[in-house]
Amino acid sequence: NEQIVKEGMVFNVSLGFQNLQSEKSKSKNKNFSLLLADTVVINKDKTEVVTATSSKALKDVAYSFNEDEEDEKPRKKTDANGAEPTISKTTLRSDNHEISKEELRRQHQAELARQKNEETARRLAGGGNEAGENRSSSRSSADLVAYKNINDLPLPREMMIQIDQKNEAVLLPINGSMVPFHVAFIRTVTSQQDTNRTCYIRIIFNVPGTPFSSQDPSSIKFQGSIYLKEASFRSKDPRHSSEVVQSIKALRRQVVARESERAERATLVTQEKLQLANNRFKPIRLPDLWIRPPFGGRGRKIPGTLEAHVNGFRYSTTRQDERVDIMFGNIKHAFFQPAENEMITLLHFHLHNHIMVGNKKTKDVQFYVEVMDMVQNVGGGKRSAYDPDELEEEQRERDRKNKINVEFQSFVNRANDLWGQPQFNGLDLEFDQPLRELGFPGVPHKSSVFIVPTSACLVELIETPFLVVTLGEIEIVNLERVGLGQKNFDMTIVFKDFKRDVLRIDSIPSTSLDGIKEWLDTTDIKYYESRLNLNWRQILKTITDDPQSFIEGGGWEFLNLEATDSESENSEESDKGYEPSDVEPESDSEDEASDSESLVESEDDEEEEDSDEDSEDEKGKTWEELEREASNADREKGNEYDSDEDRQRRKAKAFGKSRAGASSSMPKRSKLR
């Protein structure tokens, strides 16, 4: 070799052998191959063998091919410091693969546990009271004033309850005067009617000190004041009293809805202004789309158009007030789901901060098109499968679905090209498509839906409310009700923010368990298994209250059933010690230990043990034989084992027969007198 070795060069030195003979293996796996390889870096003073620190365990460096042919040729790969070149028959590639994945998962979990404990302690040390912040931003009832001046009060017509719709006030007659109250101060209003057709109207007010308004600023602003808690009025007209109650409730509902919308808008993060595309840059358009959540109002819903502008999307309809702007910087995840087994093709945006769609505050905005009619006419006669009209209609539906999917795909590709420009590199935006083959059914809210993973999320985008879970925000996943022989199990997702409630997906079929485990393992998410549902609210509260004890106790290892089972088995084996074979009483203790262990095992193992015990005894009789013997025994023993009811029934029957016999023995009276 005439090459000159210089500083900074990297060499891969490998030496291979084949058709080696193993004396310890059986004839089937006698031949094997061996490859010794090292990576060497040339430094200034000396060379560095990079692979010197790699694991040289046999399970980490060896694998074999399990082919259908009889003459299998297992191969083994080690480094230069190599492990023993023997390989057993049971060392298959799949087994080694599973062992290595399990080992990697345990190492990764140990690292995650360390990071989680540090994050928990840091978050609890510097966290604040979020509930108090949210409460301070809520609406203050002291800011609402019905009348600024006494001259603004309407002239009293009669001494009866009046509702001022314009000023949102209720005027109550108290001590001969009309006293105004803003409708926001009224908590509840009810009416009751007694037997004398007298109606009573009861009005309960929001006052400081009640559980719902304990933090009302008016209690601080007007200290020492006396508040009116409730007022009752009597009326002889039931119709008028019901009208008054309904009017107050309707007015209060409008005011509360308006103020809640105003409070929601006040908590919104201010978005940048949308920069419209100029004439040189034609906006990317996708017409005839429906939006979810829909705009409010009672008018007829109309479709709109989605346009991609310089720094965001705009969805608008022909109505001026129906317009939604979605900034690129506010998009957290973007999804494109074509219609395959569903009725719609959709684009879904999951946002960082809430926006207002109509009068609804939301973080999820979806635009969709129905690829086929949701309602079909099933009436009329039964149509043949070979009906030309039927075949033509199906072909039209397929063409329409493919056309819509192609239009959406074209819009998605152009949007991805737009996001690929240098000014959007920091946003890391790209339309993600769900991996349908990894999906599984479950119940995240109230109804069963098909949940599908993506590269960065776990989503369900067909039924509302939508489900979008970012994989980067997941702390651990606990699979509950596993191993009890049940058809379904539950999946609990614990987030890194312990103040956030866990997400439970119920009623997942047990057939999806292996696929979910494989998906969680490939996405570097640690999962545990438990046989019961856990009270996660109490668990998270305990962790946040005392994080040091949680860290010292091993973190999440209290969920590891495998570790606890292995520890219990090791403790039992260590406690046994030496047991002489001629000692008889130990058999009872062993039976008791086996019984106690069976309580922890699954129902299937219990059924197997029962079947084994039954097989050891003599074979039992069939149900027909047992019933026949029981009936014969009852017949022989008579009424000895009859119940009290049977005895009383027989006594009554015998007594009735005796009465009938006695009456028949008496002479009959003549019917004519």
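Helices (H or I, at least four residues) and strands (E, at least two) are DSSP runs, numbered from the N terminus. One such run, strand E25, spans residues 503–509 and holds Ser507. The structure is a predicted model, so local features need pLDDT of at least 70 and side-chain atom pairs count only at pLDDT 80 or more, while totals for chains, interfaces and linings use all residues. Residues are numbered from 1 along each chain as its sequence is written, and side-chain values use heavy atoms, with hydrogens and water left out.

Back to Ser507, then. Its phi is positive, about 55°, although Ser507 is not a glycine. Asn175 also has a positive phi of about 55° and is not a glycine either. Asn175 sits in the loop between strand E6 (169–174) and strand E7 (177–182). As for accessibility, buried means under 20% relative accessible area, exposed over 50%, and partly exposed in between (1.4 Å probe, protein chains only). Asn175 is exposed at 78%, whereas Ser507 counts as partly exposed at 34%.

The backbone has a couple of cis peptide bonds to look at as well. One joins Arg292 and Pro293, with omega about 0°, and Pro293 belongs to the loop between E11 and E12. Another runs from Thr464 to Pro465, again with omega near 0°. Pro465 lies in the loop between strand E21 (457–460) and strand E22 (467–470). For background, most residues other than glycine have a negative phi, and most peptide bonds are trans.

Next come the charged side chains. A salt bridge here is a side-chain nitrogen of Lys or Arg within 4 Å of a carboxyl oxygen of Asp or Glu. By this rule the model has 15 salt bridges. One of them pairs Glu307 with Arg285, whose closest N and O atoms are 2.5 Å apart. Glu307 lies in strand E12 (residues 304–308) and Arg285 in strand E11 (residues 284–292), so this pair ties together parts that are 22 residues apart in sequence. Glu307 is buried at 15% relative accessibility, while Arg285 is partly exposed at 49%.

Arg319 and Glu322 make another salt bridge, at 3.0 Å from N to O. Here Arg319 is partly exposed, with a relative accessible area of 30%, and Glu322 is buried, with 7%. Arg481 pairs with Asp490, and their closest N and O atoms are 3.0 Å apart. Asp490 is buried at 3% relative accessibility.

A nonpolar core is a set of buried Ala, Val, Leu, Ile, Met, Phe, Trp, Tyr and Cys residues joined through side-chain atoms within 4.5 Å. The largest one has 36 residues, and Phe313, Ile326, Ile331 and Phe349 touch the most other members. Several elements each supply at least two residues of this core, among them E11, E12, strand E13 (312–316), strand E16 (344–357) and helix H6 (388–419). H6 gives the most, with seven residues.

Phe349 has contacts (heavy atoms within 4.5 Å) well along the chain. Leaving aside neighbours within four places in sequence, its partners include Phe313, Ile326, Ile331, Val365, Phe367, Trp419 and Phe431. A second, separate core of 24 residues includes Val449, Val469, Ile508 and Ile525.
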